[in-house]
Structures are given as structure tokens and as C-alpha cells.
Amino acid sequence: AVVLILGGAIAFLGGGDDSRPADATTTVSAAPTTAATTTEPPTTAPAITAAAAIEIADAFIAAREAHDPAGANLYTEDGQHYDSPSVGVSGRDMIAIDIEGGAPVTNAQRVGDVTLVDSTTFTFPAQYDWEGATWAGVMRFEVEGTLIARSEWLYKYEAPIDEVDAYFDAWNADDPSAVGALYSAANGVHIDPEVGILRGRDQIEADVDERSATMTDARRTGDLTLSGKFTFTFPARFERDGATWAGVMEIDTRSGFIFRTEWLGWSRID
């Protein structure tokens, strides 16, 4: 009898052996196991939406423009901001000091669309004025929910306004050598709808010599906007054969030299 009782207890605790016939005199109901198997769903940071990313980007720019230390509240407690990969500040307190006491920038603005890289990362182009020059670049943000975990200038450059204006001045002066001197001697390139691709100073100067006499009042008519690494676009216009033509130019400058100019397109406007 003792053996039978122990065998029954073991069968109950172990769940029984399906290979053996059931006991005709004993019915065992298994206890519910729901509580033992239920687990909490994994928690993940919510994906950033385009609308939320735009709001964060514009709030960041507004805080920097106003030098408002409250802009640090846009960050997580241990958030980080980097002006370059190796120069940055960490934590809300330090970010507040950086915003309030940073370089006296003005006219800070987002100048293009916010692009979602993934569910927690986005980029956007921005620019500002500092010490009489315009700087433009692209920022990258990593977020946790709707707070910034890390912000970084991926790259930024001083907009080559002086080179652009000197370029048009040289065209208006009908001075091929002055135009050519602005370009990198071996690597300079000019592209436009009429002549296609010109490479090197010799070809560029020959084109200026042929066409500049028929083009007058060539000038930039708006701001430069960073459109890619080292590349800026701007609106421009010129007079030719009694008509006004307008379009958009792109310029790539490095180390004080023009590497590439391109008319993305132009059209007669009168």
C-alpha cells in the first residue's frame, strides 16, 4: 500500500508517464500554468516619426539661435552634442553651458528637409552666420523616444560666397585668366547645357573668351545652400542678347579653389 501511495504521488508531481495506461480509479487534473509561462513583452524605444523629427530639429535650431540654455532639456540626461567627431559635450548641464556661452552665431536655420535614416536617427541640412561668414552643413540626430541622445555636425564648411562673387565679376569683366585662376589648375571642371563638360583651366579660359562678351550682368541672386559634401547651390542670372536668363548653379570649392561649377539649368524669363 505504501508503495502504491508513493507511486501515485510521484506520478502527480512529475505529470505522469504518457506511455503507461491511466489509473482507472484516480483522475488527476493538471494545475493551470498560465502564471508561470506569462512574460512581459520586450520594451523598445518608440520609432521617431517625421513630424516629431522636424519638431526636434527646429526646436534645437531655435535654442541655438537664441542661446537659450533651456534647449538642453531637449536631450536625455546623459545626452551628447558634437561639433566634430572629437569635440563635444556630454550631459544636460554641460550642454546648457555650451548653448548659452557658445560662439555668437546668428541666423541659424534649417535649410532643407529632415530625412529619417532609421527608426531612431535622422539628418537635416542647416546653416548659420558667424563672424561675417555663412557656414552650412548637415546634422545627424540620434533619439530615445522624443529626446536627443546624440547630435552631431557630420560636416560643415564656410560657404564660398567670395569665390562665387569673384567668379561672376571675372565673367562680367570679360577676363578669361581671372576666371581660370579661380579654378584648380588640373582638376577644375565647368559644366553647362551649352558646352557640356570643360576640364582644366585652358578649356575653361577658352570658353570664357568665346562667350563672356555676349553675357552681361551675371550675378548670384540668392544664398548658398549646402547640397552635398563640399557642394553648394545658389540661384543666379545673366543678360544675353537683350534677354534675361535665370537658373541654378552648383559649386564645389576646396582650399580656396573651385573644383567644379555646373549650371543645373537655366531658362529665359522675359
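Colleague: Where is Ser184 found?
Modeller: In this predicted model, Ser184 is found in the loop between α6 (176–180) and β8 (189–192). Helices (H or I, at least four residues) and strands (E, at least two) are DSSP runs, numbered from the N terminus.

Colleague: Why is Ser184 called buried?
Modeller: Buried means under 20% relative accessible area, exposed over 50%, partly exposed in between (1.4 Å probe, protein chains only). Ser184 has 12% relative accessibility, so it counts as buried.

Colleague: Which residues does Ser184 touch?
Modeller: Leaving aside residues up to four places away in sequence, Ser184 touches Arg201, Phe257, Ile258 and Phe259; contact means heavy atoms within 4.5 Å.

Colleague: Why are the buried residues of α4 said to line one face of the helix?
Modeller: In α4 (residues 92–101), the buried residues are Ile95, Ala96 and Ile99. Seen down the axis of α4, they fall within an arc of 105 degrees, so they line one face. The arc is that of the directions from the helix axis to the C-beta atoms. These buried residues pack against α3 (50–66), β1 (75–84) and β2 (87–90), while Asp93, Ile97 and Gly101 are exposed on the other side of α4.

Colleague: Over which residues does pLDDT stay under 50?
Modeller: pLDDT is the predictor's confidence in each residue, from 0 to 100; it stays under 50 over residues 1–35. Where pLDDT is low, the predicted coordinates should not be read in detail.

Colleague: What conventions apply?
Modeller: Residues are numbered from 1 along each chain as its sequence is written. Local features need pLDDT of at least 70, side-chain atom pairs count only at pLDDT 80 or more, and totals for chains, interfaces and linings use all residues, while side-chain values use heavy atoms, with hydrogens and water left out.
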